[in-house]
Structure formats: structure tokens, C-alpha cells
Amino acid sequence: MSKSRLPMDIGDQNYRRWVRNNFPSIRNLVYLASSGRAPMPAQATAAMKTIFEKEAKDVRTSIDEEKIFRDFSQQGAGLLCCKPEELAFVTSTTMGISLFGNAVKWKKGDNIVLCDVEYPSNIFPWVWISKREGVEIRKVKGKGGLISIKDIEKKVDDSTKVLPISLVQFASGQRMDIGHLSEICSDHGTMLFLDAIQALGAVKVDLRKNDIAGLAAGGYKWLCGPIGSGILQISDAWKDELEPAMISWLSLEKSQRKSLWSRIVTGGPLIDDDVNVVRDASAFSSLPECFVQMVGLTESVRFLRSIGITQIEKRIGKLNDYMLERLDENDFETITPADSGHRAGILAFYSRERMPNKKMADRISKELKNIKLVIRSGAFRSAAHFFNTKEDIDRALSALIACRNRGLFR
Ligand SMILES: Cc1ncc(COP(=O)(O)O)c(C=O)c1O
């Protein structure tokens, strides 16, 4: 499908055939759970399978590592509108966050401003760093599951080293205003670091537009990549503020790799300034040699870009406009902000009250059978991606209304 052909008519029936061919793993499902895990396009699974098949036939099969790194960085740079050198492959969001956080040159008196609605991946590494480095964590409290930028602004000052925040919040689906956040951070010399796993692949992120120190995102949600894949971006403008806590042999400048190693082997002198780590994100690049996942994610991103991320975002917007209308008509309470600038792919909602316990949530999930949406903290979380249709939303809502009519939400 070319860029211009992604239908904006969410009721287009021909589109379903295209979806079934390209996403065989959801062929028999109403899949509204890309906030948990999205299906991979056939093009990506085929590329991964090719590597395994070659290896299965002959152990001497060589992998063109440089090409794999190059393709990954080029696709990532196209996705994020950044330079390829600003990107590193990571195996998860958590790994990207940890690599970034542990590379910051912390000093006494620094603080980290952290929202209490963040996913644990964007809390635990910072808590650990705060304990180890003796830096303060300033907590911003959400109200009704939502975060107010004004409340963030009150906590950030000239000692705030990092503001780590999800671009799209996992539970509420709230999409943060990065322009505003980046202004606040610029005023105080603070590094804005984004957990972008609930955003990349669903919304257009153009890193040229704002001052963002870095971002991390696992590849297996909206990017439709494999588990064990992800992307870390470190902005050129901020790289001198960071020093990698872990390096591999590929992190050293090329000219130095051999000379340093042979001096160690031959017992030559080792002086401090002998170790020159490359000054871009490739210093972080080579920790996991996960070539198969890298190829999978690269192909998924290539596939999404060939359709057009802006078009994908538009279609998701239309699907969610429709879903919001139907939720409202049917007496559901929506948690996600209704205005399109403050939402992305996730819509969180509940029926009159949140479900009181997990047992009830498990029962409803079972009743929904092949309709997949997530139930979290007593609320439903629908995550319509560009492959979903109006029919998917109608079927999911009818099933939820049927559960309610049978008294299953009480
Ligand atoms: C906002 C957010 N960050 C991080 C994660 C988990 O990331 P990973 O498993 O890639 O470390 C999730 C998963 O749901 C998430 O929603």
C-alpha cells in the first residue's frame, strides 16, 4: 500500500483483506490491544525467518552486521527525523531508560522530576539512580489519572537534571504536550527524556521541532516490531552531558580499538586518556548483538513508513473519534482527554464505575473471547491501530454492552 492509499474511510470493507494478508496473526481477532503488544507485519516476520533459515542450513552463514546497523539507523532516523548517529538499538524501553539515566553525570543537589502515573519502567531506574547518586526525586501527582503540565512546571527548577516522562501515558492514554515540556526544560537547562513506547508508530514524532535530550521505546507495541527490540535516541545537542556507564568494543573510536587492545596484550602502558569512547549514540549501540530483532524492527519501521506515519496517525484519530462518540452514546466514562491533541492510540474508559477486582476483569476478558482489549486498574483500555476498522470498534462495544446488560460489571 502506498502512502496515499491508506483509507481514511474507517468503514472501507476492502481494507480488511489487505489487513488480513499483511497481519496474519490477527486474522481471526478483533485486536484492540496494540498498547500491550502489536502484531508484526508479514514483511518483518519473513525477514527474521530468512536469517534463521540460513543459519539452520549452514552455521558458516555470515551476517552483514554493518548493513544491519546501517539499515536500522536509517529507518529510525527517518521515523524520528533525527540523525542516524543519534540512534542505538536496545532490547527494551527499560534498557534505553537505564542506559540514558546511568550515563548522566550526576552531582549532589541535582533532582529528577517524576510523575506518579508513569509505568514502572520509567520509575524504578530513576529511583535506583536517586538512591545511588544521592539525588532527589520530586514527585508530581496525577489527578484522576491525568498529569497537569502546570504541576510539572512547579517542580522543575535549575537543579532539575532530568525530566523523564512518557510521551503518551500507558494507563490514561494522555498525550503530553512536548512543545510545552521542552520549553519548561530549556528554561532550566533540564534534560527532557521521553519514554515513547506508547507513541512511536502511532503518532508522528519530529525531533527537530523541540529540544529533547533523548528517548527510548520498545519496538513491540505501536511500532509492530518483535519483542526484545527497541530504540534509544540521544540528541547530539546533549551528548556531552552523558558518559556511557557500560561500553563494548564497538564503543571505542575505530582507530583505537586495535591499538588499545594490542597494548593490553603486549603489556604496554595504559594511560587514562587512552580510552576514547565515540561521542554519539553508537557508544551505546553494540551492547546487545540482537541482529534478528534488529532486522525485525527495521522491517516493521520500513513498513509503517511506507504507509506514512502521518496517515497512520490520522486514521487512528478517526477510529478513536468514532469510539469516543459511541462510548458517550452508551454511557461509558472516558479517562483519556477527548481533545485530539491530548490523545494518541490509547482510549481508557469504564462503565459507570471502575471494576473493583481482577477476578471480575479476568471473567470479562474470558467472555470477550476473540475481542482483545486490555483491562487495567479496573478500566478498559482500547488501543486501535491503523489496521483496525469501524467494524472492530462496533463489535468490541457491542460485546461490552452485552456484558454490562448481563450484570458482569458489578
Ligand atoms: C509507558 C511504558 N513504558 C514502558 C513499558 C515497558 O517497556 P519495556 O518492556 O520495553 O521495558 C510499557 C509497557 O507497557 C509502557 O506502557
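**A close look at one strand**

Guide: In this predicted model, residues 24 or more positions apart account for 74% of the contacts in the protein with a separation of 6 or more. The protein has 13 helices and 13 strands. Its radius of gyration is 23 Å, close to the 22 Å that the globule rule gives for 410 residues, so the protein is as compact as a globular protein of that length. Of these 410 residues, 42% count as buried.

Within this setting, let us turn to strand β3, which spans residues 111-115. Five of its five residues are buried, and the strand is thus described as mostly covered. In a regular strand the side chains alternate between the two faces of the sheet. On one side of β3 are Asn 111, Val 113 and Cys 115, and on the other are Ile 112 and Leu 114. Both faces are covered, as the residues on each side are all buried.

Next come the neighbours of the strand. β3 runs parallel to strand β4 (residues 136-140), and five bridges join the two. Within this pairing, Cys 115 has Val 140 of β4 as its bridge partner. Helix α5, residues 124-133, belongs to the picture as well: together with β3 and β4 it makes a right-handed β-α-β unit.

β3 is also joined to strand β5 (residues 160-166), by two bridges, and these strands too run parallel. Here Asn 111 stands opposite Thr 160 in β5.

Notes. Residues numbered from 1 in each chain as written. Predicted model: local features only at pLDDT ≥ 70, side-chain atom pairs only at ≥ 80, totals over all residues. Buried ≥ 20, exposed ≤ 12 C-beta atoms within 10 Å, placed from the backbone. Helix = DSSP H or I, 4+ residues; strand = E, 2+ residues; numbered from the N terminus. Pairing = 2+ DSSP bridges. Right-handed = clockwise from strand over helix to strand, strands pointing away. Rg over C-alpha atoms; globule rule 2.2 N^0.38 Å. Contact = placed C-beta atoms within 7 Å.
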